[in-house]
Amino acid sequence: MTNPALAPFDLTGYQGTRGVNFYEATPALMHIMDRYSGDCTPEHKKAMHDHLSGYGALSGGVLNDLIEACHKEGKYGEIVQYDSTGNRVDEIRYSAEQKEARRVNFEHGIVNLQYRPDWKFPFTFAHRMMLACMTNMNGEGGVACPLAMTDGLILILEKVGTEEQKRKYLPILTDPQSKSHFMAGQYVTERVGGSNVAANRTVAVKAANGKWILNGEKWFCSNPGDLWVTTARVENTSTIGLFLVSRIKDDGSLNGCRLVRKKDIIGSRGKVTAETIYEDVEAEELGRPVHGLANLIKYVINTSRIHVSAGAIGHGRRSYLEAFAYAQRRTAYGKRIMELPAVVTTLARMQILQTALELAVFRNYDLNAKGDNSTKLLTPLLKYSSTNLATSLTHEGMLILGGNGILGDFSILPRLHNDAIINETWEGTHPLLCEHAIKAYARGKVKESFDSIIQENLNRAKPLANRLPLSFQTAQALQDRLNSYAKASDFWIDSNRLVFCDALYGLFSLTELMKDAGAGPGKIDSGAIAEGYAYLLMGAGVSDTDSLFSSRERMMAIL
């Protein structure tokens, strides 16, 4: 007798979003690129679209499969301290799948497109960061964190590196023929503290040959590889210098960085994070040592925080795509769960929150590219807001899948959720980032620039005032709230940093949606999304009888 419980059912052969082109499947991302490529020639726009679409296909196809394969027991990278004859090697050995994933990403030019002879156009900031977003749609994957650190190291070498350093090191990071695929690291944190870099106890002593000798330890060494940036206190001073270290010294011998053990972290496990001891490590100053902390923050940390927001976009968007695909397929009580009002409402909320985030983050990217003062506020603000939201969205996605949502071999969502939690912690905790944002908001030129952006956004949306009544009402309420917060006591502001920043983010992201609606038709209905977002921001006390959430048809229209 055939066992009836083993017959095919609604999820038989279910693959989730495997094989999906992540770029083509996300109208909001294509819409954003349309908005931020207005100054490009038609040839450049087509080349950019083809490059992004090609990467979207890779991300949903071969990269999805490679990264899934290397995130299994026995496939994670491991520290190798000694070779077979007892010589120290202090290297990381990755699985073939992990190395192939890095190679495919590198050869598509996601970090070095401007250095490839076959690319004839500028590598715009929006293009670069859209690639980073899609990289993160496979989670950190052993690629996204190394990508961010490689990007930061390329930038600081270009900006403050000597001509000799550029000649010697940039080809390792950027040359299309390089075999060092994202093998740049960042060793800053020590046991005494992460965000408080000034507390570093590692000491740097100037050598007779002009190089520096470092002795100390580093507690979180992300992506140990060929080349990395690190910090150390200049001997007998309070100066924290920024230094460049190569795993192999100029004479071909192993440098004095001893890998102690691999960190047992809950996510971002594709790339190794290690503890190290510095024993007479040979290093080069990167910029003037007296400017070490300033250069670290301006080039390395700022680049990392920008990539963190791209990570959050990738995590949140993939969560939505997985939840949507599952809801279309899964049945319960005789109907597809997409037909259940609670499921449609959850998906609509996820779509609205995710789209608002994407528009806000890419506006900040554009402002960064232009050197606008507002980014001193927006970059730390969006690092906080984006990662906080991504962790929530990955959780929501898991809940849509029910019991299947907590199975690591059913979907990417459990791994994505853990990666999102790591992303929240990377480059500063929420209270620290909110302190940075609020202090920036209190500075005259930064606040003036931020307020100008908000007013410009509202002016652009004015012709649609009749279509966006709740959006305008909510924007005014948030402005009033921020004015009240700014007059509060220092103790209240310090105690309510996250509340303050939630209002800043709400105002910025809402008015970006409103402005986008005023810019005319696109691939998404920004006006409907803005009104739905305003409803979510206002929360209890707003009548829902005429909101987007009062109609299944209106919710389905934005999914």
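Modeller: Start at L377. Leaving out residues up to four places away in sequence, L377 touches A437, A440, Y441, V446, F450 and L504. Contact means heavy atoms within 4.5 Å. One caution: this is a predicted model, where local features need pLDDT of at least 70, side-chain atom pairs count only at pLDDT 80 or more, and totals for chains, interfaces and linings use all residues. Residues are numbered from 1 along each chain as its sequence is written, and side-chain values use heavy atoms, with hydrogens and water left out.

Colleague: Which residues touch the most other members of the largest nonpolar core?

Modeller: The general idea: in soluble globular proteins, nonpolar side chains tend to be buried together. A nonpolar core is a set of buried Ala, Val, Leu, Ile, Met, Phe, Trp, Tyr and Cys residues joined through side-chain atoms within 4.5 Å. Buried means under 20% relative accessible area, exposed over 50%, partly exposed in between (1.4 Å probe, protein chains only). Here the largest core has 133 residues, and M130, L153, L377, F450 and L504 touch the most other members. Helix α9 gives the largest share of this core, 14 residues. A second, separate core of 14 residues includes Y187, C221, A232 and Y278.

Colleague: Why is helix α5 called largely enclosed?

Modeller: First, the naming: helices (H or I, at least four residues) and strands (E, at least two) are DSSP runs, numbered from the N terminus. Helix α5 spans residues 125–135, and ten of its eleven residues are buried, so the rest of the structure largely encloses it. Among the buried ones are H127, R128, M130 and T135. The cover over them includes α1 (27–35), α2 (42–60), α4, α6, α8 and α9 (341–370).

Colleague: Is N105 buried or exposed?

Modeller: N105 counts as buried because its relative accessibility is 1%. N105 sits in helix α4 (residues 96–107). Its side chain makes a polar contact of 2.4 Å with that of Y55. Such a contact is a pair of N or O atoms within 3.5 Å; within protein, one must be able to donate a hydrogen and the other to accept it, and residues adjacent in sequence count only if both atoms are side-chain atoms. Setting aside neighbours within four places in sequence, N105 is in contact with Y55, L63, I110, T135, V143 and F182.

Colleague: How many cavities of 30 Å³ or more are there?

Modeller: Rolling a probe the size of a water molecule over the atoms shows where empty space is left. On a 1 Å grid over the protein atoms alone, a cavity is a set of points where a 1.4 Å probe fits but cannot get out; lining residues have an atom within 4 Å of a point. Points are joined across faces, edges and corners, and a volume is the space filled by probe spheres set on them. The count here is two.

Colleague: What lines the second largest cavity?

Modeller: A148, M149, G152, L153, Q186, V229, V300 and S304 do. The volume of this second largest cavity is about 40 Å³. Helix α6 brings the largest share of the lining, four residues. V300 lies in helix α8, and V300 is buried at 3% relative accessible area. V300 and A148 are 152 residues apart in sequence and 9.0 Å apart in space, C-alpha to C-alpha.

Technical notes. 1 Å grid on protein atoms, 1.4 Å probe; cavity = no way out; pocket = protein on both sides within 12 Å on 5 of 7 lines; lining within 4 Å.
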